[in-house]
Amino acid sequence: MEQVANVIVDVPAMQTNQPYSYLIPAPLKHTVELGMRVAVPFGRGNRMIQGFVVGFSEVDPTAQENVQLKMIKAVLDLKPVLNQELISLSAWLAHQAYAFQITVLQAMLPSMFRAKYKKYLRPIDEINDPEIQQLFAGRELIEYDETQFTPEQVSKLTKLQREGCLEFYYEVNNQAKAKTRLGIKSLLDFEQLEEARSGLTKAAHKQSGLLSLLQTLAPEQVVAKEQILATYDISEAVITTGAKKGWLAKVPMEIYRDPMANYDIKPSQALTLQPDQQAALTAINDAAGQAETFLLEGVTGSGKTEVYLQAMQHTLAQGRTALMLVPEIALTPQMMVRVRSRFGQQVAVLHSGLSVGERYDEWRRIERGEAKVVVGARSAVFAPLDNIGLIIMDEEHETTYKQEENPRYHARDVAMWRSQYYQAPIVLGSATPSLESRARAQKGVYQLLRMPKRINQQVMPAVEIVDMREEIKKGPESTFSEALLTALKARLARGEQSVLMLNRRGFSSFMMCRDCGYVLQCPNCDIGLTLHMDTHSMKCHYCGHEEGIPKMCPNCQSTAIRYYGTGTQKVEQELHELLPEARILRMDLDTTRKKGAHENMLTAFGAHEADILLGTQMIAKGLDFPLVTLVGVLNADTALGLPDFHAAERTFQLLTQVAGRAGRAELPGEVYVQTYNPDHYAIQLAKAHDYEQFYQQEMQLRHLAKYPPYFFTIKLQGSDLDERTAAQNMSQIGRWLKKRLPADTIFLGPTPRSIARINQRYYYQIVIKYRHQNELDQVLNELLERAQSVGRNAFQLSIDREPVSFM
DNA sequence: AGCACGCCGACT
DNA sequence: GTCGGCGTGCTC
C-alpha cells in the first residue's frame, strides 16, 4: 500500500469537481501536508496546474486502476494554507451554494494564492526550419504566448511538436510573496565586539557608535535598517563599512503592510453600559462555548457596537478569538478605528479597499495567530482564525453579505457553520433585522435581544413625509420640494450640515427622442443606456458598453433628443442653481472609484469643508457627523416599484438607516422623505420608527404571497446565444424538476429576465418556492451535473439559493 | 478550462 | 491524397 494525496485541481468545471489522486514522490513524502498547494500534471498534455491537497488515502499502486496515477510535481507552500476546518467548510459550501469546490477554495483565500500559469516551448531535437530557429535564437526555452506568433508560426510549431522535435513546458508560478525590508543582524559576540572597538582610531566616532548599538542586540535579533538610520546617528556608509569588516550581516526582514498605518488611533476603554446593553452583553457572555444564535435588535444609536466590543473583550479574555463582520468596511472606517482603538495590534482588517499585498499580510497575521480579532466584510467570514469564541455580524440584513457571483454564498450561512464547528455564539445585529432572522427569533430558534432605546436619552429624529404628487401640482417639476428647500436654506443660514440621498446611481438618466419616443439602447443588452456627464458618454450598466451622446435621434433623425430622469450629477447641477452659495460634495460610484476617495470625501465633510453631502445609498451607512441636522431622501420610492417581494423591506431598511444619520449629537435632527407613495406602510412605519409593526405587517403579506420566510426560494437562470434554445432548455428543466420535487413546491416561470438580453446572451429564469429543504439540494446538484455547460457559447445554467434580487 | 483525438471540406 | 477546420470527450 502506498499513500496518495487527494487533490482538488484548479479547473472550474462540473466534470473535474472532485479530488484526484496523486502519488507523492519520495523526497516530498514528509513535505506534503494537508491543505498545501501543489503543482500537478493534469490532462493528456500533462500541463502543470495548481491544486489543493484535501486529504490522503492508501492505495495499492499495483492495482489495475492505479497504475496510471501521476505524481505531484512540486509543493508550493512551506506550510498549509488551509486547515481541516476550512477544507470541510469548502466541501459543504460547494454543495449548498451549487458551486465547484475549487471556486469556493479560491474565494476563501487571498488572491495572491491564485496561481499564474506560464507555458514555454523547448526544442528537444534538431529543427531545420530557419524561421523557427530564429524564434529561439539559440535559447533553450521561450515563452509561448499564442498572440505573439503568426498563425503560420503556430501551425509550424504544433506540427514540430507532433513530430517530437518540440515540447511544451508548463510552469505554475506562486505569486505569494512577502514584502521585505533590509535588516541588520550582529555577527559578533561580546568579546569580538570589544576587540573590534579596540581596533578603531579615536576619530572613528560613528563606527564606535555602531558597535555600541550592535552590543545592545540579542543574538539573532534583526533590526530594520531604516529604524537604525532614523533613531541613531549612524549613516548608510557606516553600516556598509560594518558589513565589510564582518561585524554585521544585512538580512532581508519580512514586514507587514499595515492597512491602518495612516490612522491616528488612540486606545479606548470600555464604556459604561445602559441596562439594555448590559442585559444583552450578559446573555452573550453566558453563552460562551455554545453555538447559540442571538438576534440583537437595537435602534440606531442604541449602542450595539459597544456591546460587540465588550463581548469580544470577554471572548479574548478566555483565550479565544473573535470574528466581526460588517457590510463593507471600507465604507465605514469609523468601525475599524473603533475596534482597533479597543484591541490594538491584535486586530486584523479584511475588506475590498485593501491592496492585494495588504490583504495577504493581514491574512498571514491571522493565520499565524498574531491577530486575534478580525474585522471584515463578506469574505472575511473565511478568515483563518483558529479557536473562534465569538462571531458578530453587524447590520445582518444587508444584502452585501450575499455574493452575487460564484460561489453564491451568504456570509451568514458560513458564519453559522463556523459557529457550529467551534461551538461559539453568534450575534446578528441590526436596527431593522431581515424578516428571515426576525421570524426565527420569533420561533425561538434564535434568542432575541432588544435594545429599543437610544443611549443618552436622545430622541429619534422627526421624519417629515413630503407628498411629491402635491408638489407637481404647485409648479414646474423639480427634484426638490418647497419644504426640503426651505429646510436646506435654514441649515445653510445656521452653518449646519445636510445629507441628501438619491436612490440608485445614475437613476434612469436615459436619452429619449421627443418626436418618436425612441430610447437609446445598448447594442448588446436589452436595456437603455445611462447618461454620464463626467465622461460625456452613454454607458450600459450591465456590460460596460460606452458610446458618445447622440445629437440626433438614430431612429427618426430628429434633433429633439434629450435626456430624462435624475442622476446625482443632474441633482448636483440643480442644487447649484437653487443654492449657489452652498458647498456641495457629491458622492457616488463615479466619484469614489479611486482608492481612498471615499474616505477623503468623508473626512472633508467631517471637517465642514462642504455644507451638503449628496450621494447614493452608500451615504446611508454608519456615518456620524455631529453637525448634520438634516437628512433628505429625494426619491424614497424607486425601490417600491420593483417587481421584487423585498421592495418594501429594502425601502423600510434604507429609510430607517438614513434617518438615523440625523442629529446623533446635541443638535436635534430632522428628516425629509420625498415620495409619490406617502401612504405606503413601509414609508409610514419608517416615519414612526416602528420596526416591530413593520415586521408584523410584512409577515402577513409574505404569508399570503407564499414568500420567505414562509417559503425558501431558489432562482434558476439559463442563458444562451439563441433565445429559443434558452427558453426551451428552461422549460425542459422546469418539467424535469416538477417530476422530482414535492407537490407543494411552487414554480414561477420560466420567464424571460426583466432585462432579457445581456452581453448578447438571452436569459430565462425559473423561481422555485419550497417549504422543505430535504431533497432539493440533491436534485439541484444533479440538475447542475446534467446541464453542465459545454463550451463558452453553449447553454449555461446558474442556481442561486435565496437570491437577493429576483430581477 | 485546455488539450488531444477524430471526422469532414479545400487545397498541393 | 493531406492539411487543418472545429466538434466531442476526458482529465488521477
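## Helix packing

A crossing of two helices is called right-handed if the near helix is turned clockwise from the far one by less than a right angle. In this predicted model, the crossing of helices H10 and H11 is right-handed. Helix H10 spans residues 304-317 and helix H11 residues 333-343, and the two pack at an angle of about 35 degrees with their axes 11 Å apart.

On the H10 side, the contact is made by Thr-305, Glu-306, Leu-309, Gln-310, Met-312, Gln-313 and Leu-316, which meet Met-335, Arg-338, Val-339, Arg-342 and Phe-343 of H11. By residue class, this contact of H10 with H11 comprises six nonpolar, three polar and three charged residues.

## Surroundings of DNA strand C

The residues surrounding DNA strand C are Gln-15, Thr-16, Tyr-20, Ser-21, Tyr-22, Pro-41, Phe-42, Gly-43, Arg-44, Gln-68, Leu-69 and Lys-70. Of the atoms of DNA strand C that come within 4 Å of the protein, 44% belong to sugar and phosphate.

At the phosphate, an N or O atom in the side chain of Tyr-22 is 3.4 Å from an oxygen of DNA strand C.

Strand E2 (20-23) and strand E3 (37-42) are the elements that give two or more residues to the surface near DNA strand C, and E2 supplies the largest share, three residues.

Definitions and conventions. Residues numbered from 1 in each chain as written. Chains lettered and ligands numbered in written order. Predicted model: local features only at pLDDT ≥ 70, side-chain atom pairs only at ≥ 80, totals over all residues. Heavy atoms only, no water. Axes fitted to C-alpha atoms, helices over the stretch in contact; angles between N-to-C directions. Helix = DSSP H or I, 4+ residues; strand = E, 2+ residues; numbered from the N terminus. Contact = heavy atoms within 4.5 Å. Nonpolar A, V, L, I, M, F, W, Y, C, P; charged D, E, K, R; others polar. Near = heavy atom within 4 Å. Polar contact = N/O pair within 3.5 Å; in protein donor to acceptor, adjacent residues only side chain to side chain.
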